[in-house]
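Thanks, everyone. I have one structure to go through today, and I will keep it brief.

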Amino acid sequence: MTLPNEHGKFGKFGGKLVPETLMTALKELEEQYRHFKENDSFQRELSDCLKNFVGRPTPLYFAERLTKKFGGAKIYLKREDLCHGGAHKINNTVGQVLLAKKMGKKRIIAETGAGQHGVATAIAAAKLDLPCEVYMGTEDIERQKMNVLRMNLLGAKVHPVTTGSKTLKDAINETMRDWVTNIKTSFYCIGSVVGPHPYPMMVRDFQSIIGREIKKEILAKEGRLPDFVIACVGGGSNAMGAFYPFLQDRVQLIGVEAAGKGLHTKKHSAPLNKGTFGALHGAYTYLLQDNFGQVQLSHSVAAGLDYPGVGPELSYLKKSERILCASAEDEEVIRAFKLLAKTEGIIPALESAHALAYLTKLAPTLEQERIIVLNLSGRGDKDLQSIQKREVK
Amino acid sequence: MNRISQTFQRNKANNEGVLIPFITAGDPSITESIKIGKKLFDCGVDILELGIPFSDPIADGPTIQASSHRALQNGMTTEKAMDIANTLKNHGPIVFMTYYNIPLQYGLTKFVKKAKKCGVEGLIIPDLPIEEAEELYQLCKQNNMSLIFLVAPTTDNQRLKHITTKSSGYLYLISSLGTTGAREKVQLETKKLIERVKDSCNGALPIAVGFGISKPKHVEEIINFGADGVIIGSALINKITNGSLTKMEQFVSALKKSTKMR
């Protein structure tokens with residue numbers, strides 16, 4: 001069964017819950033996407049871009065010191081932090097912006113939380129010569145200043161969002177409003193596997209290069225598939241990218257959400273673990289909400305995970321028990337962040353450090369013959385200032 | 001046939017357009033909402049759209065976003081909105097306008113039945129397209145609740161026909177591309193849209209135009225383009241927030257006068 005179905009549904013999740021003004025645009029987007037997906041010239045151009053501009057394939061790195069430290073399973077890190085721009089986000093943006101160009105769209109708009117997707121969109125737009133505008137919550141602008149500077153330098157205009165909680169969910173709202181107003185000329189480049197159909201499918205497809213490479217690389221190195229693939233989950237794009245090619249295999253897939261100050265508090269970003277079924281940003285999915293359906297504010301030390309919703313396909317995979325949903329709290333995330341830096345000489349993004357925090361608990365429990373692949377979704381230079389601020393307090 | 005359809009029929013016979021104001025339940029407070037609702041009916045409005053505020057109103061511009069936010073800060077809930085409707089039901093016909101997650105969490109059947117009990121006779125859910133509306137459509141049909149869908153300038157004729165078959169009460173035409181929010185002028189595309197929809201609809205359903213209407217002149221133009229009704233939200237909320245209820249009354253009376261067909 002291919003998912004999503006023609007209505008964009010993954011079981012009861014997904015779909016298109018958007019104002020009427022967007023319906024025609026979504027239909028057009030899906031038609032164009034399907035057309036270009038099968039188009040050799042488009043695929044060649046995209047492959048070329050991924051290889052020569054993004055820097056793919058990224059290494060599957062055997063973390064020898066980390067493995068020895070835990071004394072358990074073999075740990076491999078998929079180095080998405082080595083992508084151009086510093087995170088996996090660019091795999092998706094080059095795909096979408098190239099599609100926008102082929103569709104004759106004149107303008108790219110995007111939302112961003114941590115700023116990585118905003119930067120990745122600005123990068124793709126600069127390369128493909130399209131004007132770019134990014135919506136970012138003022139809370140996020142404050143904690144990820146370097147990304148704002150990068151976007152400006154790349155030629156993108158950053159619109160501060162001051163409504164609601166001033167974070168990612170509000171940036172998405174504002175970008176949707178822009179799209180509704182400028183639907184004919186503008187292409188909305190969504191950063192994760194969220195939103196109305198066809199976005200969750202399209203973003204997953206573009207990010208699946210991660211999982212396809214992992215498969216090839218691990219088979220070459222170990223002659224077999226991994227036992228576990230672990231990834232952090234915010235909206236879910238790096239997780240779906242890593243997981244998707246393994247869905248039919250005997251591989252345990254683990255998504256690690258942000259437990260923030262603890263799942264027992266109201267200060268976390270864990271809709272898979274603690275959310276309920278609802279409708280947000282165009283799709284049926286699990287989200288953090290009160291009894292009346294008002295969306296709750298999320299919290300995470302990692303801006304890129306600070307979202308009260310999650311991609312509908314991940315909600316589906318949780319419901320069908322294909323993935324295990326774990327979480328990591330802020331303090332243990334920071335410890336894992338520092339551990340990787342000192343043990344392997346790699347500074348991970350705080351988002352990716354959530355997966356690492358879980359790894360520190362899992363790896364020691366497994367026999368040495370077992371293989372874990374962890375998707376290192378991004379690098380952590382952007383996080384150094386805010387970590388430092390925390391230490392000083 | 002409920003009071004919504006009756007209102008359109010009655011007004012048409014009197015050569016008058018239907019005036020439909022929108023206010024957010026609980027903005028600035030429950031008591032004020034009730035007061036405003038009563039005054040609006042006293043001023044001659046025909047149908048009241050009562051918004052149940054939602055934390056993430058993607059179809060709304062800054063005025064209604066702020067209005068929703070105020071209402072939520074003051075503790076507005078779905079239950080309280082039902083109470084407000086119940087208090088106003090004897091003053092005139094009411095429709096609820098809200099985002100889909102709200103009735104979804106309440107329970108669709110429970111929501112439709114409770115709303116009906118509280119005197120609400122129509123539902124407008126801007127983020128629910130016909131493709132996802134089958135369950136709600138059936139519930140509304142069973143409970144004589146009008147299900148009012150939105151039609152945009154981007155809706156092609158084939159889709160328009162499909163939407164019309166699922167709609168009841170009236171068709172909500174979005175006057176121009178964008179979110180809610182008062183605009184300076186009525187766009188040419190509004191005239192074209194009204195004509196196209198009337199052509200396609202063939203009188204099957206009354207047509208009300210909303211988004212951006214902010215002056216009596218707009219109302220006059222839209223009624224004369226052939227629309228059966230006019231919806232006014234942000235401009236009204238601005239008047240309420242920035243002025244007095246008296247100023248609001250004067251504004252609404254002027255709007256109502258402008259619904260007379262030439």
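**A sheet in chain A, then the interface**

A:I108 stands opposite A:F187, which belongs to β8 of chain A. Keep in mind that this is a predicted model. The strand pair here is β5, residues 107-112 of chain A, with β8(A); the two run in the parallel sense and are joined over three bridges.

Now the sheet as a whole. In chain A, four strands form an open sheet in the order β7-β6-β5-β8, with parallel pairing. At its edges are β7 (157-161) and β8 (186-188) of chain A; each has a single partner strand, so one side of each has no neighbour in the sheet. On average, neighbouring strands of this sheet are turned by 25° against each other, direction ignored.

On to the interface. Chain A puts 33 residues into the contact and chain B puts in 35 residues. Between them the two chains bury about 2,900 Å², with 53% of it on carbon and sulfur atoms. On the chain A side, the most area is lost by A:E20, A:R177 and A:F292, which together make up 25% of what that side buries.

How many salt bridges cross between chain A and chain B? The rule finds three. One salt bridge joins the side chains of A:K169 and B:D56, at 3.1 Å from N to O.

Which elements of chain A supply at least two residues each to the side that touches chain B? They are α1 (20-37), α8 (168-181), β11 (276-280) and β12 (283-287). α8(A) gives the most, with seven residues. By class, that side of chain A has 14 nonpolar, 12 polar and seven charged residues.

Terms used
Residues numbered from 1 in each chain as written. Chains lettered and ligands numbered in written order. Predicted model: local features only at pLDDT ≥ 70, side-chain atom pairs only at ≥ 80, totals over all residues. Heavy atoms only, no water. Contact = heavy atoms within 4.5 Å. Buried area = accessible area lost by both parts, 1.4 Å probe. Salt bridge = Lys/Arg side-chain N within 4 Å of Asp/Glu carboxyl O. Nonpolar A, V, L, I, M, F, W, Y, C, P; charged D, E, K, R; others polar. Pairing = 2+ DSSP bridges. Axes fitted to C-alpha atoms, helices over the stretch in contact; angles between N-to-C directions.
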